[in-house]
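Please keep the sequence and the coordinates open while reading.

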Amino acid sequence: MCTYVTETVAVSGSAKGPDGWFRVTDGSVYFDHPVHAPQEHTLNIDFLAPGQGPSARVAVELTAESARALATAIESVLAQVPAGLA
Amino acid sequence: MSDAFIAETITIAGHGGDEIEAYSARVIDPEKRAGGVVVIHHMPGYDAQTKEIARNFAYHGYNAIVPNLYYREAPGASPDDAAATARAAGGVPDERLVGDVAGAAEYLKSLPAANGKVGVIGYCSGGRQSFLAAVSLPLDAAVDCYGAFVVGTPPEGMPLKVGPLVDRAPQLSCPLLGLFGAEDKYPSPEDVKVLDDALTAAGKPHEFHVYDNAGHAFFSVNRPAYRPEAANDGWAKIFAFYGQYLSA
């Protein structure tokens with residue numbers, strides 16, 4: 001299926017692409033066909049800097065299971081950060 | 001007659017007269033009178049596999065063209081980066097799609113070896129857009145390969161702006177061939193039935209096939225969804241259909 005399921009989010013930080021580090025401003029999260037991963041559908045995340053053109057992009061394609069594990073790990077790490085740091 | 005064809009990147013006038021990139025695969029022999037096919041790429045973009053589809057049509061004696069629907073957002077970008085940019089921007093507006101297909105159809109009709117007939121085919125999101133083009137433009141044949149949201153509306157809150165088209169069935173300008181997978185959810189076999197019934201009620205000629213053991217994107221040779229049996233039979237049905245409606 002072509003799910004079209006997409007959420008976009010403003011992000012602030014940096015990502016490393018083929019040309020080195022760049023500041024990212026936007027993120028897309030969607031569950032749809034991957035370009036490269038050997039699954040029919042994956043949870044895909046694009047870190048984007050539209051101001052620097054379409055190629056300013058770091059992409060990941062994760063199985064649903066590993067994407068959930070990643071989300072849990074992110075929340076777990078943030079929960080352990082000393083108060084006032086995050 | 002020669003079976004030679006040429007395939008190359010060109011520029012055409014799209015919606016609003018915008019210059020957009022396109023991939024043209026066309027017969028060379030000026031004595032031929034070939035039908036034309038506008039190939040609408042899938043949501044993952046204007047990629048190598050879609051260009052191969054255009055070359056397959058040229059191999060079978062058609063003039064084919066693939067307009068790069070993401071060219072405005074991402075000129076010169078790799079197909080996956082362009083698709084990501086278009087997705088983040090909300091997808092291709094319907095009005096622009098129709099204008100780009102109209103420009104591509106005009107290009108095909110202008111070729112020396114053209115017979116004046118033009119069909120359209122699209123895959124995935126392009127399947128919906130093939131139907132959209134066929135209810136918006138005067139065409140001779142249309143093929144919808146598993147286009148989602150011809151029937152039904154995407155869940156709320158999604159940035160992609162696609163709405164249902166089934167109510168426009170009475171405006172369909174040409175015969176429609178629909179190729180679907182029984183295991184697909186978007187469109188589901190129930191969605192396909194709704195469209196089938198709407199076209200029958202409107203008195204529009206159409207031919208639908210729903211393949212068992214196939215889901216979405218069963219034509220995609222480079223993806224796990226590829227189902228050779230369904231794809232091979234689907235290709236045969238496409239050429240029979242175009243042979244009937246796009247010949248001089």
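This is a predicted model. The average pLDDT of chain B is 94, and 97% of the residues score at least 70. For the model, ipTM is 0.84 and pTM is 0.92.

Overall dimensions come next. The C-alpha trace of chain B spans about 50 × 35 × 35 Å along its principal axes. A compact globule of 248 residues would have a radius of gyration near 18 Å, so the 17 Å of chain B agrees with that expectation. Of these 248 residues, 55% count as buried. Among contacts in chain B between residues at least 6 apart in sequence, 66% join residues at least 24 apart.

The secondary structure of chain B consists of six helices and eight strands. Read from the N terminus, the elements follow the pattern β-β-β-α-β-α-α-β-α-β-β-α-β-α.

In what order do the eight strands of chain B lie in the open sheet? The order is β1-β2-β4-β3-β5-β6-β7-β8, with mixed pairing. At the edges stand β1 (5-13) and β8 (206-211) of chain B; each has a single partner strand, so one side of each is left without a neighbour in the sheet. From one strand to the next, the twist averages 20°.

Strands of a sheet pair through backbone hydrogen bonds, either parallel or antiparallel. In chain B, strand β3 (residues 34-40) and strand β5 (residues 114-123) pair in the parallel sense, over six bridges. Within this part of the sheet, G36(B) stands opposite V118(B) in β5(B).

Helix α5 (residues 189-201) of chain B lies across β7 (176-181) and β8 of chain B, and runs at about 165° to β8(B). Helix α6 (residues 228-245) of chain B packs on the sheet and touches β3, β5, β6 (141-145), β7 and β8 of chain B. The direction of α6 in chain B makes about 175° with that of β7(B).

In soluble globular proteins, nonpolar side chains tend to be buried together. Here the largest nonpolar core has 93 residues, and those with the most contacts inside it are V38(B), V39(B), A54(B), I65(B), A134(B) and A142(B). Helix α3 (residues 94-110) of chain B gives the most to this core, with seven residues.

Which residues is I65(B) in contact with, leaving aside its neighbours within four places in sequence? They are A22(B), Y23(B), S24(B), V38(B), V39(B), A54(B), A104(B), Y107(B) and L108(B).

How values were computed
Residues numbered from 1 in each chain as written. Chains lettered and ligands numbered in written order. Predicted model: local features only at pLDDT ≥ 70, side-chain atom pairs only at ≥ 80, totals over all residues. Pairing = 2+ DSSP bridges. Helix = DSSP H or I, 4+ residues; strand = E, 2+ residues; numbered from the N terminus. Axes fitted to C-alpha atoms, helices over the stretch in contact; angles between N-to-C directions. Contact = placed C-beta atoms within 7 Å. Rg over C-alpha atoms; globule rule 2.2 N^0.38 Å. Buried ≥ 20, exposed ≤ 12 C-beta atoms within 10 Å, placed from the backbone. pLDDT = per-residue confidence, 0-100. Core = buried A, V, L, I, M, F, W, Y, C linked by C-beta atoms within 7 Å.
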